[in-house]
Every structure is written in structure tokens, then in C-alpha cells.
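Please examine the following two-chain model before reading the notes on its folds, its interface and its confidence.

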Amino acid sequence: MTDTTSLVTAGAARTGLRRPAAGAKRPRFSARQARFGYVFSGGYVLLLLAFGLVPTAYALYLAFTRNGAFVGVDNFVRVFADYRFLPAVINVSLYIVTWLISLTVFVVLLALIVHAIRVRWLSTTARFLFYIPGAIAGASSVMLWLFVLDPTVSPVSGILHALGFESLVNVVALDNLPVVFTVIAFWTGAGGWIVIMYGALNNIDQEIMEAARIDGAGAVRTAWNIQLPMMTKWISYMGIMSLAAGTQLFVEPRVLSQATKGVVPESYSLNQLAYLYAFKQSDFSGSAAISLVLLAVALGLSTIFILRGRLFDSE
Amino acid sequence: MSDLRASASGPRRRRPAATPAQWLSRVLIAVLLGAFALFFVIPIVWLLLAPTKDGRGLLLDGPFAFGSWEALAENWNSLFAYQGGVFLTWIGNSTFYSFVALAITLVVSIPAGYALAHFQFRGRKPLLFATLIVMLIPNTALVLPIFLELSALKLIGTPLAVILPFSFFPFGVYLTYIYFSTAVSGDLLNAARIDGAGELRVFAQVAMPLATPVIALVGFFSFVGNWNNYFLPFLMVGGQKVPVQVGLANLLSNVPQFNPTTTGSTVIELPTLALATLLSVAPILIIFLFSQRFLVTGMTAGGTKG
């Protein structure tokens with residue numbers, strides 16, 4: 001679902017780019033304006049405080065204290081030394097690398113291909129087919145993929161057998177998981193990005209494309225020298241959003257772990273480990289420490305992106 | 001790729017006879033496109049057909065064969081009979097959480113986006129910046145901190161613990177802000193003010209009627225996101241209060257194929273589990289099918305017009 005949101009964010013951001021500066025039209029503050037500004041945004045500010053700022057502050061407090069006493073970075077040290085921590089970092093990193101590479105390569109490739117199709121219904125249908133799995137997210141998509149990856153009931157059991165898999169447990173062996181999670185995430189999320197990239201390609205001036213063609217540039221050279229450079233902003237946006245989302249891996253390993261009775265470990269990802277700290281060990285300080293690390297990564301990425309990415313130049 | 005382009009663009013460009021190399025690249029592209037289309041579609045087609053089979057049929061029949069209406073009815077009955085109809089309770093919970101959160105989101109976000117776009121007040125810029133930041137972090141990143149906070153407030157296990165965090169939707173505020181600052185001009189609002197309308201009336205009678213598209217868009221994304229959310233309700237509520245996403249995952253522990261230790265009478269057959277999966281996403285799937293055009297336009301706002 002994060003994907004869906006970030007997708008539209010991109011759409012909104014694009015609109016934002018073209019907007020004239022909002023402040024320019026209104027030269028003066030008036031007390032009346034300010035009063036209504038507070039009234040109208042008050043409810044949202046309360047929610048922002050309650051579910052943005054306060055939980056972050058409280059997690060900070062928990063992470064640096066133990067039973068109410070300040071303990072410095074002890075909680076972090078303890079969590080980092082946990083025998084499950086390093087494997088979780090490695091698992092999540094492997095997944096992110098696999099996921100980002102395949103996402104970038106295939107989304108860009110498919111967007112270029114779909115964009116090149118001039119038969120209108122074919123292009124629309126292709127985009128629709130790629131996009132529709134986005135409706136199936138969360139536990140439902142993992143559940144569906146449990147079936148697809150189980151050689152006994154899979155619609156593609158032929159492929160699974162050909163790859164040497166005889167049972168679900170073979171398929172979800174630890175070494176295969178980064179690829180398995182990538183396939184699931186790609187299936188639900190890629191279509192939306194393809195639609196975004198398609199929009200970006202449409203934004204490229206037709207005259208430039210025409211000029212390249214007249215100069216004798218083939219499809220591959222046009223894509224490489226003109227279309228790709230024009231898409232970099234959107235590719236980096238996709239990369240950063242997907243990187244941030246990837247660090248949060250939870251529902252996929254959680255459901256697979258439930259389905260395979262622990263063949264997929266309960267502490268496969270960092271978020272799962274944070275969950276175990278809170279729920280199995282009642283160690284809220286440790287849980288807060290892990291989730292703060294993850295939150296810091298996400299906040300860092302989004303801040304860098306807003307300040308450096310120039311995608312949200314609204315003011 | 002320009003091969004395809006040229007071949008379809010008709011009389012505008014003359015079409016030289018394709019060389020064997022061009023034919024080869026066309027075939028390659030068609031194969032690639034077809035393969036990905038199958039990849040995206042096969043699981044959905046399978047999901048639509050699996051609930052029409054019985055357990056044996058699912059293992060033995062062709063994956064894309066239709067089973068029978070009787071088997072579908074049987075799976076339906078066994079799903080809704082499971083633990084005294086708990087599946088219906090889960091669907092009801094999802095509906096309740098998503099709709100109440102949707103209502104709060106709209107009531108709170110639309111005026112906030114309007115205020116950010118058309119009022120000058122102290123704290124406006126920091127509020128806008130905070131909104132952007134929170135909007136761009138994955139929504140799962142704050143789930144554990146929110147859980148820790150709500151458990152300190154002893155709210156865990158109550159519907160509020162799901163509904164209130166669901167209602168916080170910075171992306172909706174941002175979308176509304178962008179919409180009001182681009183599509184609704186300050187001059188129009190000023191004209192209404194000069195005519196003597198108060199701020200509340202300007203908002204309710206001038207701005208709101210113009211905002212229908214953005215209200216629909218915010219509503220759509222809030223509803224879809226909340227309905228499909230697993231992590232947050234998984235931590236916040238349990239037992240009879242879980243929404244269908246969490247309930248679905250819990251069903252797994254009663255499927256003998258996945259969990260051989262399951263004993264007793266309340267086993268779930270695989271086709272029944274497939275039906276549960278299908279029903280858990282049915283509302284969203286239907287919304288997607290019917291709002292396709294609207295959505296794609298929303299997602300690429302500005303982009304496709306260029």
C-alpha cells in the first residue's frame with residue numbers, strides 16, 4: 001500500500017512543479033487569516049502531533065532509558081549485539097538489492113516498451129494489466145503467492161518443477177527468500193510505477209524525439225541518450241521510495257513464517273525483530289531502539305530527497 | 001521500439017520494409033511484453049477460479065479449469081461457517097475501521113489542505129514541511145512507535161487504536177493543498193469575501209463544491225490503504241476485533257496442508273482459503289476496476305497532458 005501512496009505522490013509532485021509560488025499572491029498576514037488558518041488546520045495538527053511527533057519522541061525516550069532511568073546508548077548496544085540482529089540486517093539488505101535492481105531494470109524497460117506501442121488499446125490494456133495487481137496488497141497478496149509458489153497447487157507448477165522445487169518448503173528456503181519477496185513486491189507494486197514512468201515519458205517533447213529519429217538514432221540509442229536521462233528524476237524517486245519501503249519488510253516474512261512453521265524464521269527482518277522484542281520479550285526499550293533506527297533511515301531518505309531532489313519545489 | 005512506433009503511426013511516415021533484424025527485435029519485444037502480462041495476470045485468474053474447486057480438484061484439475069458451482073457454494077458455506085461466522089466479523093471490522101477513518105480523514109484533511117493553500121499563518125511552512133516528510137516515509141515506519149505510545153495510554157485492543165492512526169493521512173493533506181493552490185484561485189475566494197461571505201461560507205459554498213475530484217481521490221487512497229493495512233491492526237487489536245487482513249493470516253494456522261499439527265474439526269481446505277483471499281480483496285478489486293480511468297489520471301496528473 002505504501003507503493004500506491006508513493007505513486008500518487010509522484011503524480012501530485014509533478015503538479016506541484018508547475019504551480020506558481022503559493023505565497024506570491026498574498027502579500028500580508030492578517031490576524032483574521034491566521035485565526036482561520038489555525039481553525040482549519042487544527043484537527044490535522046492534532047493528528048500530526050499524536051501519530052507523528054509524540055510517538056517519535058516517546059520512542060526516543062524509551063530507546064535511551066530503561067525502566068525510567070537514562071542509560072545512554074545501552075539499549076542500542078544490546079540490540080545490535082543480539083545474535084538475530086546481524087542476520088536480519090543481511091536478509092533485508094539482500095532483499096533490497098534484489099528488489100531495487102529488478103524494479104529499476106524492468107519498470108524502465110516495460111515503460112519504454114509500452115510507451116513505444118502506438119496501438120492505443122494495446123498500450124492501455126498493457127498498463128491496466130500491469131497495474132491491477134496493485135489492488136491486492138498486504139497479507140492477501142502474500143497468501144495468493146503462497147498458492148502460486150506451492151508446486152502442488154500452483155498454476156505454474158511446471159516452471160517450479162523445472163527449477164527443481166518439489167514443495168513449498170523448497171521454494172521458500174532461506175537463500176531464495178530475497179527473490180521470492182522481490183517477486184511478490186514486484187507483482188503488486190511495479191504496475192503503478194510503470195504508469196508513472198509512462199507519464200514521465202509522455203512529458204518528453206515530441207520534437208526532440210522526432211529530431212533524434214531524423215538524425216538516424218535507433219530505438220535503443222534514443223532510449224539510452226534521450227529518454228533515460230529525462231527519466232532520472234523519476235527513477236531516483238522510485239529508488240528512494242522503494243529503498244525506504246524495503247527496510248520496513250514485515251508482512252511477507254511474517255505470513256510465510258506462519259505458513260511454513262518457522263522454515264522462514266520469525267526474526268527474518270528488522271521489523272519482525274522489533275515486533276518480537278515488544279511482544280515476546282516485553283522489552284519495549286529494545287523494540288523502540290530498533291524501530292528508531294528504521295525510522296531514522298526513512299526520515300533521512302525522505303529529508304534528503306525533499307531538500308536535494310527538487311521534486312517538491314513548491315515554495 | 002521505434003519499429004513498433006513507425007509500423008503503427010500509419011501514413012505520417014513512410015514505412016521501409018522491415019529487415020530481419022527489425023523483425024527479430026519486434027518478436028523479442030512481443031515475447032517480453034507477453035511474458036510480463038502473463039506474470040501479472042496468471043495469479044489473478046487462478047485466484048478467481050480456485051474457489052470453484054474442491055480440495056481434490058485443486059490438486060488434480062488443470063489450474064485454469066472451472067470447477068463447479070456446487071464446489072463454490074460448499075467453499076462459501078464452510079468459510080462462513082468457520083468459527084461461527086468469524087469471517088463476516090472480520091469483513092465487518094475492516095469496513096467499520098476503514099469507513100470511520102475515511103470520514104475523519106476527510107473532515108480533517110480537506111480543511112487543512114485548504115488552509116495551507118489559502119491562508120497565511122505562523123507555522124504554515126513548518127507544517128507543510130512536516131507533512132511532506134511524514135508523507136514520504138513508509139507508513140509502517142511509525143507503527144511500532146505508535147504502538148508503544150498507545151500501549152502507554154492503555155488504548156491497545158480498542159477500535160480507537162486502529163481508527164485514529166488510520167485517520168492520520170498526511171498525503172491527503174498534501175494532495176488537497178496542491179489541488180486548492182492550483183485549481184482554486186485566491187481571486188475567486190476574495191470575490192466571495194468582498195460580497196460579504198464569511199470564511200466558513202467561502203470554504204463551504206465556494207471552495208468545497210470545486211473540490212469534489214480531490215475529495216474522491218483522497219477518499220480512495222485512504223480507504224484502499226487502510227483496508228489493505230496489515231501491520232498496524234496486527235499490533236493494535238486481537239481476537240474478535242481484527243480486520244480481514246489480519247484474520248486471513250490467522251486462518252493459515254488451521255490449514256492442514258500448511259500446518260500439519262492442526263487437529264480437530266475447524267480445518268480450512270485450500271479452496272476455502274483461496275475464497276477467503278479473494279473475498280478479502282474483493283471490495284478493493286471492484287473499486288480498482290471501476291475507477292481505473294480516474295485513477296490513472298490522478299496518478300499521472302499533469303504528466304499525460306504534456
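Helices (H or I, at least four residues) and strands (E, at least two) are DSSP runs, numbered from the N terminus. On that basis chain B has 16 helices and 0 strands, while the secondary structure of chain A comes to 14 helices and 2 strands. This is a predicted model, in which local features need pLDDT of at least 70, side-chain atom pairs count only at pLDDT 80 or more, and totals for chains, interfaces and linings use all residues. Residues are numbered from 1 along each chain as its sequence is written, and chains are lettered from A and ligands numbered from 1 in the order in which they are written.

**Burial and contacts within each chain**

- A residue is buried if 20 or more other C-beta atoms lie within 10 Å of its own, exposed if 12 or fewer, and partly exposed in between, with C-beta atoms placed from the backbone.
- Buried residues make up 50% of the 315 residues in chain A and 47% of the 306 residues of chain B.
- Two residues are in contact if their C-beta atoms, placed from the backbone, lie within 7 Å.
- Among contacts with a separation of 6 or more, residues 24 or more positions apart account for 71% in chain A and for 69% in chain B.

**The contact between the chains**

- Chain A contributes 105 residues to the contact and chain B contributes 103 residues.
- On the chain A side, helix H2 (residues 31-63) gives the most, with 20 residues.
- That side of chain A has 66 nonpolar, 30 polar and 9 charged residues; Ala, Val, Leu, Ile, Met, Phe, Trp, Tyr, Cys and Pro count as nonpolar, Asp, Glu, Lys and Arg as charged, and the others, Gly among them, as polar.

**Helices H6(A) and H14(B)**

- The axes of H6(A) and helix H14 (residues 244-251) of chain B come within 8 Å and cross at roughly 30 degrees; axes are lines fitted to C-alpha atoms, for helices over the stretch in contact, and angles run from 0 to 180 degrees between N-to-C directions.
- H6(A) and H14(B) are therefore roughly parallel to each other, as angles under 35 degrees count as roughly parallel, over 145 as roughly antiparallel, 65 to 115 as roughly perpendicular and the rest as oblique.
- Gly138(A), Ala139(A), Ser140(A) and Met143(A) of H6(A) meet Gln245(B), Leu248(B) and Ala249(B) of H14(B).

- In helix H7 (residues 143-152) of chain B, 8 of its 10 residues are buried, including Phe147(B) and Glu149(B).
- The cover over the buried residues of H7(B) includes H2, helix H13 (270-279) and helix H14 (284-308) of chain A, together with helix H8 (160-167) and helix H13 (231-236) of chain B.
- A nonpolar core is a set of buried Ala, Val, Leu, Ile, Met, Phe, Trp, Tyr and Cys residues joined through C-beta atoms within 7 Å.
- The largest such core has 181 residues, and Phe147(B) and Ala111(A) are among those that touch the most other members.
- Helix H9 (residues 177-202) of chain A gives the most to this core, with 16 residues.

**Confidence in chain A**

- The pLDDT, the predictor's confidence in each residue from 0 to 100, averages 86 in chain A, and 89% of the residues score at least 70.
- Among the elements of chain A, helix H1 (residues 2-18) has the lowest mean pLDDT (45) and helix H4 (residues 85-116) the highest (95).
- Over residues 1-27 of chain A the pLDDT is below 50.
- Where pLDDT is low, the predicted coordinates should not be read in detail.
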